[in-house]
Amino acid sequence: MLEKMETVDVDELIEEFETITKDAERIQRETLRKILEENASAEYLQNLGLNGRTDPESFKSCVPLVTHEDLQPYIQRIIDGDISPILTGKPITTISRSSGTTQGKPKFLPFNDELMETTLQIFRTSYAFRNREFPIGKGKALQFIYGSKQSKTKGGLNAGTATTNVYRSSTFKAEMKAMQSQCCSPDEVIFGPDFHQSLYCHLLCGLIFREEIQLVFSTFAHSLVHAFRTFELVWEELCDDIREGVLSSRITVPSIRAAMSKILKPNPELADLIHKKCSGLSNWYGLIPELFPNAKYLSGIMTGSMEHYLKKLRHYAGDLPLMSADYGSSEGWIGANVNPSLPPELATFAVLPNIGYFEFIPQRLGNLESQVLCIEPKPVGLTEVKVGEEYEIIVTNVAAFIRCLLAP
């Protein structure tokens, strides 16, 4: 269906979002019912005594709160090749390696088609709200994205980072095209084996297609900052490549060189223009809009630990808006940024009630002398949270995480 879709219908997506969020309590009950029915055959749920019940009350009384560490033995069995329904009723097709750790070791997370669909739903929703505020036309996106090589687990499943699994999905590129956000770099650059060579070529592709670039994206703000700090060091070399139409000798991966040769042609006029613009900047302020005059905004995760990079990112961005991307965790997505005009420091995220079942544990500030956070044990539902309160999040989703307390 996506292959036939020319563009995403922004108004339809926003209307759908408004409909499900206004009826969040019912949608949450339906979502939980669907998750429990689809995974009823899973060993994990079979052993908890639900006996086919799918209502929230039975679910909460029978299913314990757990952490990723508690689920790790089950995940390890999947990694090792056990194909029985352990955590999910449907097959686990891929394993994701998280940047987070459990007891100092990398976290491994089940990944399946259902989780891919919730990922795309988050992307579509946030895109719809961004595009209502800052419409983009037909063009390309400069995306600093990297898909590391997938490996095989002991049981024969593909394993890679979560982003690699998304970028390698057959539906991802079609979805990006429908959102008018197709990456300007060829797949060989995205999936190249050397990060530094891929970054250099991302920058070069952006310059070649500078007039078509509508937005600049990376998963995290620090990746955007790193990309343009690198540009400061290699910009003259990039200009030489464009002037002569010959790729720098620093690029040694044959597949990348072959792919870049198809789009890199001698263009002295473009090289001179870029050289003039870079030479005229004061300490690289406003670099991004100078390089990409039709870009509408920068996007990526800019909250939490990423706020540290906002000052430098704003220096490069000049007057271009910064938009924080969506809210999620290693275990799955939670909410979309539906107020994109807010600065990243004030970003808010709306939970999508149909992508998982969510519970919240209120936090209370305990003894003021010790400043210890005491966690109230009784979770509340999505529609029971209160403005101004802080919560730990418990997620139950289609990717094998049942009442899993997310790491703070």
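**Strands, cores and ring pairs in a predicted model**

User: The bridge partner of Ala 141 in E6 is Leu 215. What makes E3 and E6 count as paired strands?

Analyst: The model is a predicted one, in which local features require pLDDT of at least 70 and side-chain atom pairs pLDDT 80 or more, whereas totals for chains, interfaces and linings use all residues. Residues are numbered from 1 along each chain as its sequence is written, and side-chain values use heavy atoms, with hydrogens and water left out. Helices (H or I, at least four residues) and strands (E, at least two) are DSSP runs, numbered from the N terminus. Two strands pair if DSSP finds at least two bridges between them. E3 (residues 140–144) and E6 (residues 213–220) are joined by five bridges and run parallel, so they meet that requirement.

User: How do you know that E7 pairs with E6, and which strand do three bridges join to E7?

Analyst: E6 and E7 share four bridges in the parallel sense. In E7, Tyr 297 is the bridge partner of Leu 215. Strand E8 (residues 322–324) is joined to E7 by three bridges, again in parallel.

User: What makes strands E3 and E7 mostly covered?

Analyst: A residue is buried under 20% relative accessible area, exposed over 50% and partly exposed in between, using a 1.4 Å probe and protein chains only. In E3, four of the five residues are buried. In E7 (residues 297–301), five of five are buried.

User: Why is the pair of Phe 59 and Tyr 357 called edge-to-face?

Analyst: Rings of Phe, Tyr and Trp (its six-membered ring) pair if their centres lie within 6.5 Å; planes under 30 degrees apart count as stacked, over 60 as edge-to-face and the rest as tilted. By this rule there are twelve aromatic pairs. The ring centres of Phe 59 and Tyr 357 are 5.8 Å apart and the planes stand at 90 degrees, so the pair is edge-to-face. Phe 59 belongs to helix H4 (residues 56–62) and Tyr 357 to strand E12 (residues 357–365), so the pair ties together parts that are 298 residues apart in sequence.

User: How do you know whether Phe 59 and Tyr 357 are buried or exposed?

Analyst: The relative accessibility of Phe 59 is 0%, so Phe 59 counts as buried. Tyr 357, with a relative accessible area of 6%, is buried as well.

User: What is the pair of Phe 228 and Tyr 316 called, and why?

Analyst: The pair is tilted, because the ring centres of Phe 228 and Tyr 316 are 6.0 Å apart and the planes are at 45 degrees. Phe 228 is in helix H11 (residues 221–244) and Tyr 316 in helix H15 (residues 310–317), so the pair ties together parts 88 residues apart in sequence. Phe 228 is buried at 0%, and Tyr 316 is buried at 0%. Together with Phe 144, Phe 228 and Tyr 316 form one aromatic cluster.

User: What makes the charged end of Lys 140 sit over the ring of Phe 209?

Analyst: The rule requires NZ of Lys or CZ of Arg within 6 Å of the ring centre and within 35 degrees of the ring normal. The charged end of Lys 140 sits over the ring of Phe 209, at 5.1 Å from its centre.

User: Which residues of the largest nonpolar core touch the most other members?

Analyst: A nonpolar core is a set of buried Ala, Val, Leu, Ile, Met, Phe, Trp, Tyr and Cys residues joined through side-chain atoms within 4.5 Å. The largest has 71 residues, and Leu 71, Leu 87, Phe 123 and Phe 358 touch the most other members. Helix H6 (residues 113–133) gives the most to this core, with eight residues. Another core, of 53 residues, lies apart from it and includes Cys 205 and Val 234.

User: Why does Thr 125 count as buried, and which residues does Thr 125 touch?

Analyst: Thr 125 lies in helix H6 and has 6% relative accessibility, so Thr 125 counts as buried. Contact means heavy atoms within 4.5 Å. Not counting residues up to four places away in sequence, Thr 125 touches Phe 17, Ala 336, Val 338 and Leu 352.
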